[in-house]
Amino acid sequence: MGTIAAALSAAETSPEKFENYTERIPGQSSTVAFDMVAIPGGEISIGSPAGEAGREETDLAQAKVAVKPFWMGKCEVKWEEFLPFVFASREEIEKNKEDGITHPTKPYGSIYRQRGEKGYPAMGMSQHNAAEYCKWLSKKTGHKYRLPTEAEWEYACRAGATTAYFWGDDPAMAGEYAWFKDNSEETTQPIGKKKPNKFGLYDVVGNVTEWVSKENADAAAVARGGGWSEPVTRLRSASRMIETEEWNELDPQSPPSIWWLSAADWVGLRLVRSFESGEAAPAATSTAAAAAAPAAPATDAVKANYKRYCAGCHGIDGKGQTKLGKSKGAKDYTDPKVKAGFDEARWIKAVREGVEVDGQHVMTGYEEKLTEAEMKALVYFMKAL
Ligand code: HEC
């Protein structure tokens, strides 16, 4: 077996257990890898107390959150991982469109903006771009990657610490752990060079500020952890940066790009993957199978997804006569008239983004929970009911 083939089969079979692993992104001529760290679930207070030094209005009020176990990128996503998404071939871009994955426009000028290249964090992408990257990567690898929620991000950053910074309350120690205004020489720095936090995450604060997922489509885009240009107080675990128009103020385009933030050359991302026991193996196979043959008999993984996410309203038999289904007005999907309305793209879009009936939100989007291939498998499953 060649080294690439060996690497690929290792990536396919590895992360069934909840432990750290290395993922390789399949490429044409070479492979690019990144490390994922297993973060145990637990409970912690996020947000900052009123008296915390450096506290800002944008900090969340303190609240207890519980998070389930998940994997998180050991480092920020580096350019080698991000470029194949931006500079994908025309054929790949066309193919991915069918799965609802869009690729960014090419940036004006150098994508690096005269900052670090190989081994440096990818930066300057919008939250939308970062979220689409996760979808692309999920399809490439067969593992469901996404942006962290704010709770997951802060839980992972704190790694058990209730102090202002994950290392304690002393801002003078920041230089040991982070690249920020005082030591970054006004640019990004190579990933993974400073000391990690207690979970073994590097640059979790500093270097680039990291996008978190949006709670809903209308929510503001939020980035966490401060970047190379920020003062030390932005390295506090509770610090948050909320996107403003200024992040894109140098854009000569009108309307400005939805993919690149011209003035935010300090925002990047870190990956997360949920851990659900038993999820890893079937999800990977169902993804591959669903992409190749959507009308194939439903696998156990597809049935499990349906039962978990859809049956509450649409009914286990698809007739929609559950309590919730009735109250929301779900139709009978065994009715030939409803089946006749089948439209793959529209149905998948409904699952991804949710639907409104008479201006009322009746079905929330599953973009964060399911890959595009899983959504596709589900709508074909409903069509076949
Ligand atoms: C909270 C209730 C609820 C849940 C949960 C839910 N749906 Fe729906 N869904 C609805 C309602 C209500 C409609 C609109 C009426 C109808 O067509 O049944 C709808 C519509 C749809 C449509 C048709 C969209 C169109 O344009 O015709 C599809 C496909 C669909 N849902 C799939 C799913 C799938 C797959 C899941 C699970 C991942 C799911 N739904 C979960 C309530 C729900």
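Guide: Let's start with a way of counting neighbours: a residue is buried if 20 or more other C-beta atoms lie within 10 Å of its own, exposed if 12 or fewer, and partly exposed in between, with the C-beta atoms placed from the backbone. By that count Arg 113 is partly exposed, as 16 other C-beta atoms lie within 10 Å. Keep in mind that this is a predicted model, where local features need pLDDT of at least 70, side-chain atom pairs count only at pLDDT 80 or more, and totals for chains, interfaces and linings use all residues. Numbering starts from 1 along each chain as its sequence is written.

Arg 113 sits in the loop between α3 (90–98) and α4 (127–141); helices (H or I, at least four residues) and strands (E, at least two) are DSSP runs, numbered from the N terminus. Gln 114 has 9 C-beta neighbours inside 10 Å, so it counts as exposed.

Now for the sheets, where two strands pair if DSSP finds at least two bridges between them. β1 and β2 (residues 32–39) run antiparallel and share 5 bridges, with Ile 25 opposite Val 32 in β2.

Another open sheet has 4 strands, ordered β9-β8-β7-β10, and here the pairing is mixed. Its edge strands, β9 (240–242) and β10 (267–268), each pair on one side only. β8 (residues 222–224) runs antiparallel to β9 and is joined to it by 3 bridges, and Ala 223 faces Met 241 in β9.

Last stop, the ligand. A residue is near a molecule or strand if its C-beta atom, placed from the backbone, lies within 6 Å of it. There are 24 residues around the ligand, and Cys 310, Cys 313, Lys 331, Trp 347 and Ala 350 come nearest. The largest share of that shell, 5 residues, comes from α8.
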